[in-house]
Amino acid sequence: MKEDNCLHAALICLGMLYYSHAMTTENLNHTRPSLHGHHEKGKEGQVLHRSKRGWVWNQFFVIEEYTGPDPVLVGRLHSDIDSGDGNIKYILSGEGAGIIFVIDDKSGNIHATKTLDREERAQYTLTAQAVDRNTNRPLEPPSEFIVKVQDINDNPPEFLHENYHANVPERSNVGTSVIQVTASDADDPTYGNSAKLVYSILEGQPYFSVEAQTGIIRTALPNMDREAKEEYHVVIQAKDMGGHMGGLSGTTKVTITLTDVNDNPPKFPQSVYQMSVSEAAVPGEEVGRVKAKDPDIGENGLVAYSIIDGDGMDMFEITTDYETQEGVVKLKKLLDFETKKSYSLKVEAANVHIDPKFISNGPFKDTVTVKISVEDADEPPLFLKPSYIFEVQENAASGTVVGKVHAKDPDAANSAIRYSIDRHTDLERYFIINAEDGNIKTIKALDREEIAWHNISVFAVEVHKQHQEAKVPVAIKVVDVNDNAPKFAAAYEAFVCENARSNQQFITISADDKDDSANGPRFIFSLPPEIIHNPNFTLRDNRDNTASVLVRREGFSRQKQDLYLLPIVISDGGLPPMSSTNTLTIRVCGCDSNGSLLSCNAEAYILNAGLSTGALIAILACIVILLVIVVLFVTLKRQKKEPLIVFEEEDVRENIITYDDEGGGEEDTEAFDIATLQNPDGINGFIPRKDIKPEYQYMPRPGLRPAPNSVDVDDFINTRIQEADNDPTAPPYDSIQIYGYEGRGSVAGSLSSLESATTDSDLDYDYLQNWGPRFKKLADLYGSKDTFDDDS
């Protein structure tokens, strides 16, 4: 780094010397000639004056990053009309004028006052003009020129990414492209070699290389093996100045991963696998596992297993566990230690996916020998059959042999076997088994119509090892015997019309037999021999297990006989056949001309022929209605004869009205308003009667007025007592009224009118004599004695 800084400073110094020399030899002599030096004819005869210049004066250069003590002289402006007397003034304007670039208005020298950076701004556009110093009158038209910032190598190369990641297949050929890295330089690519980059590899040899001009990384070694090394770290450098000494550089890291290819076949780590399995194992049970190692990964490392040879190919199978890449050996059939004690298998492991590019590395498979030994197991007894089916006739005698089951001990010991019936499957105890030989016999008679099949289970247990037992299902079919006679299929009841015609069919019957179809249909129907020539009815067998009953004669009478019983014999088709006699009930009924039944009641014809059934029903309905009307009339009349009020001479009662809001005495006068006791209807001193309208209205006494709300309780009560005693419209009996504010400590005493002193003397009920006979009893009770004596 120190060498680079020194070199950089030297280059700047050389540039400054070169620039100073150029300025003194060229820029200072490149003055602007007078506009009067040459004439040129323009448009419309106008004469134009063109300034003569020997250089392209409108472009100056200034080196970037100059850090000298004095401002940098960019160039000098000079007009041909400037005689050096100081009357001409030079003016500079445009980008950076007065800030970055300043001009000496007398000499026209332009200086850069600040350090310039080409990477920030490459050029500036300025305008120069010469004016008269005194009058500021332009002496020449304004002229535009450009100041370009001269580039130096002050920016190192930079890569687009700090880290790169790339993949390349293992075993790739030399020169295989891996990735391209790219760097950029901020310096001017059109000036010198400051931006000319060269790539080189600093780390990663001898596995990889990089192209100097393009930055493409390629493989440099053949047959790189991922299984040996999977990841590589490469450092790439980009250097400017074409890679020469003094140039600036930048680096980046590239991580290169070798991807897998199927270049390795699977290999078993051993040549023989030893396994063992119990003879009691069931099919599908795992015996053991084998595994072939394949260093490849992904689908390149997938291995499939198969059995290609051996004496156990029929007894065992192998599957692939793709999660563990193992071959799982499983039992395919039941084993028998006593028959064969060992098996041998030849197992092959092969890659599922093979890359044709590396087929020469094959074969991509391997084989191994698997030896399996069968272990002896204490097995339970084994029945010769998985299930048994026996037959026995129904009604067979007790002790009849049904069948025989047989089991043996599969072990080499060949223990003795004892048999028994599972009584949970033979709750009724129909069967018994011989414990020694397995013969099954009946205990009692069997009925097929009750139970057609018996499903029982038989146990076989080793004599010396009670825990070793086996169970087998035994199905016993009860064979049918023709032991049930056929019967009517239903409880038939036939009807025949009185006007039935001869040979008219009036019912079809069928039969039912509980026996099996072999001993049941076909059914044969017939009449008993003694009535085969029955004068009333005959029978016809339809030969389809049905029979039709027909009328043999015409004209039946319910008055003579309304019920007939016809015996019918039904025989089945069993060997030997069985038969039964069934009775068919036949009723004689009245029918209309269409044969529709009207009545089968024989008593109906005893009535008068002039009365039909509808007329009889109408007569009965009228009688019932009349009885109902009579009962209602009598009931209503009794209710009218009862008096509204029954008074006996000694039955003088008082009406007591009780209120349940009795309070606590005089203390309640503060809590309740006395005005609540006043009847609104009687506020004027008159309370009308609700039950009887009197002949005249009661006029209140002039001295009695409604008590104010604040009246004393005693005065209020006394006033109401007087009104009640002298009111002829009041009820003819005393009324006791208990008010809610009367209670303990009350000084008012009882409010009952029974204690009124004026009750016996002031009341006059003589007017009751004028109210008619209905009030005579009241007038006799409450009238004056004189009146009573006169009436008597």
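Student: What makes Arg-558 and Glu-498 a salt bridge?

Tutor: Their closest N and O atoms are 3.6 Å apart. A salt bridge is a side-chain nitrogen of Lys or Arg within 4 Å of a carboxyl oxygen of Asp or Glu, so the pair qualifies. This is a predicted model, where local features need pLDDT of at least 70, side-chain atom pairs count only at pLDDT 80 or more, and totals for chains, interfaces and linings use all residues. Residues are numbered from 1 along each chain as its sequence is written, and side-chain values use heavy atoms, with hydrogens and water left out.

Student: Which parts of the chain does the pair of Arg-558 and Glu-498 link?

Tutor: Arg-558 sits in the loop between strands E40 (546–551) and E41 (563–571). Glu-498 sits in the loop between E36 and strand E37 (505–512). They are 60 residues apart. Strands (E, at least two residues) and helices (H or I, at least four) are DSSP runs, numbered from the N terminus.

Student: Are Arg-558 and Glu-498 buried or exposed?

Tutor: Both Arg-558 and Glu-498 are buried. Buried means under 20% relative accessible area, exposed over 50%, and partly exposed in between (1.4 Å probe, protein chains only).

Student: Why is Asp-311 called partly exposed?

Tutor: Its relative accessible area is 44%. Asp-311 forms a salt bridge with Lys-340, with closest N and O atoms 3.5 Å apart. Lys-340, at 30%, also counts as partly exposed.

Student: How many salt bridges does the structure hold?

Tutor: The structure holds 19. Arg-226, Glu-227, Glu-230 and Asp-260 are linked in a network of them.

Student: How do you know that Cys-497 and Cys-591 form a disulfide?

Tutor: Their sulfur atoms are 2.0 Å apart. A disulfide is a pair of cysteine sulfur atoms within 2.5 Å, so the pair counts. Cys-497 lies in strand E36 (residues 493–497) and Cys-591 in strand E42 (residues 579–591), so the link ties together parts 94 residues apart in sequence.

Student: What makes the disulfide of Cys-589 and Cys-600 right-handed?

Tutor: The torsion about its S-S bond is about 100 degrees, so the disulfide is right-handed. The link of Cys-497 and Cys-591, with -85 degrees, is left-handed.

Student: Why does Cys-589 count as buried?

Tutor: Its relative accessibility is 0%, under the 20% cut-off, so Cys-589 is buried.

Student: What is the pairing of the bonded cysteines, numbered in sequence order?

Tutor: The pairing is 1-3, 2-4.
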